[in-house]
Amino acid sequence: MRRDWLRPTLLIIASVIAGTVAWNGHVLLLPIALGFPVLWSLARTRSAATLVSIGYFLAASRGLPQGVATFYASDLWPGLLLWLSASASFVSLHALLWTKDTGSLPYRYVQAAVLMTVPPLGITGWAHPVTAAGVLFPGWGWWGLAATTAGVAGLVSRLRTAVGIALAGFWLGSAAFWTDPTPPQAWQGVNLELGASLGRDTSIQRHRDLIARVKDRAAEDLRYIALPESTLGFWTPRIERLWTRSLEGRDITILAGAAVVNARGYDNVLIALSAQGGQILYRERMPVPGSMWQPWRALLEESGGARAHFFANPILTLGATRVAPLICYEQLIVWPILQSMLSDPDLIVAVGNGWWTKGTSIVAIQRASTAAWAKLFAKPVVFSFNT
């Protein structure tokens, strides 16, 4: 009887450790996430596999309850409810696809991994183990992604020991020569520490302060400066005139976040600003579910919430430069970056407004995840966050 509960208990504890350590914001620890499929495959019952999935996912997304409580200025209960509901798709899928037939497990797990990559399940596809591909196989691109997928399939088969040793070898070799991705010479990302006021303080003085900060950063060799999500607040002709006039005589382009209001809600966007004017270049493909993207409003014939442009505009163009844009939540899931990489961009620009994540590792995880993808495809990356 003791063995009946000891094995699943150890698997659950190990899955919690894997989720906690892999997703703590240190990019080189991401391969620990590959421990989850191993533990899932070692479960002897569907209930044990379900508990292993719960342990891993909740541990990996542990910062969500506190972040939601901060965002809504309330207690932990709304965050806890969202935390548990968000785990439902991940846990249900892995519970459903688990099987006692060990020969089928590799196919079942790869199927689960693919389904958690793309919508609709991919909308909450956080903590995806395949993100470790950039650490295991930096510079391999799509071949590295294929190698990681094949490696994961091997980890849930009878060959798990040999495959695990091989992957550990690639991991150690990568870690020994690791260098973080850097921005191109003509680019610079500006990090702000303006808290919840960014995007909410719409005063002209706030915009003048931001313009002054940009001018202080502008050097002769800089052509592009990235500012965080929501920097410009609501996009209006008045704001456009203020910024474009301030850039007169400067050969520089600002890429900044803003919100564009429409009859049904709003779009979370990136806008290019120069002396010639402003232009909306990107509409966010996947806003944060719940707090921003609220699809139930359409069913209730209500307006409000951010629109999701799931597979639109994977690339934006600035001059001759092709940019893969990632706004906030898009850095935590898989399909936006892979969709962008299909177009072979010149660099990645990752922006966010993470004031609500204070006290959690969410922003660090966003950075680590983006850095891993940048290394996999050998792309430079520009970061710009507000905290």
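Strand E8 (residues 347-353) and strand E9 pair in the parallel sense over six bridges. Within this pairing, Val351 stands opposite Ser384 in E9. The model is a predicted one.

E8 and E9 belong to an open sheet of four strands, ordered E6-E7-E8-E9, with mixed pairing. At its edges lie strand E6 (316-318) and strand E9 (381-386), each of which pairs on one side only. From one strand to the next, the twist averages 30°.

A helix also meets this sheet. Helix H14 (residues 362-376) lies across strand E7 (321-327), E8 and E9, and runs at about 170° to E9.

Elsewhere in the chain numbering, two helices pack against each other: helix H10 (residues 204-217) and helix H11 (residues 237-246). The angle between H10 and H11 is about 30°, and their axes are 11 Å apart. Angles under 35 degrees count as roughly parallel, and H10 and H11 are therefore roughly parallel to each other. Their crossing is right-handed.

The table lists the residues that meet in this contact.

| Helix | Residues in the contact |
|---|---|
| H10 | Ile204, His207, Leu210, Ile211, Val214, Lys215 |
| H11 | Arg238, Ile239, Leu242, Trp243, Ser246 |

By type, the residues of the contact of H10 with H11 divide into seven nonpolar, two polar and two charged.

Note on methods: Residues numbered from 1 in each chain as written. Predicted model: local features only at pLDDT ≥ 70, side-chain atom pairs only at ≥ 80, totals over all residues. Heavy atoms only, no water. Axes fitted to C-alpha atoms, helices over the stretch in contact; angles between N-to-C directions. Parallel < 35°, antiparallel > 145°, perpendicular 65-115°, else oblique. Left-handed = near helix turned anticlockwise from the far one by under 90°. Contact = heavy atoms within 4.5 Å. Nonpolar A, V, L, I, M, F, W, Y, C, P; charged D, E, K, R; others polar. Pairing = 2+ DSSP bridges.
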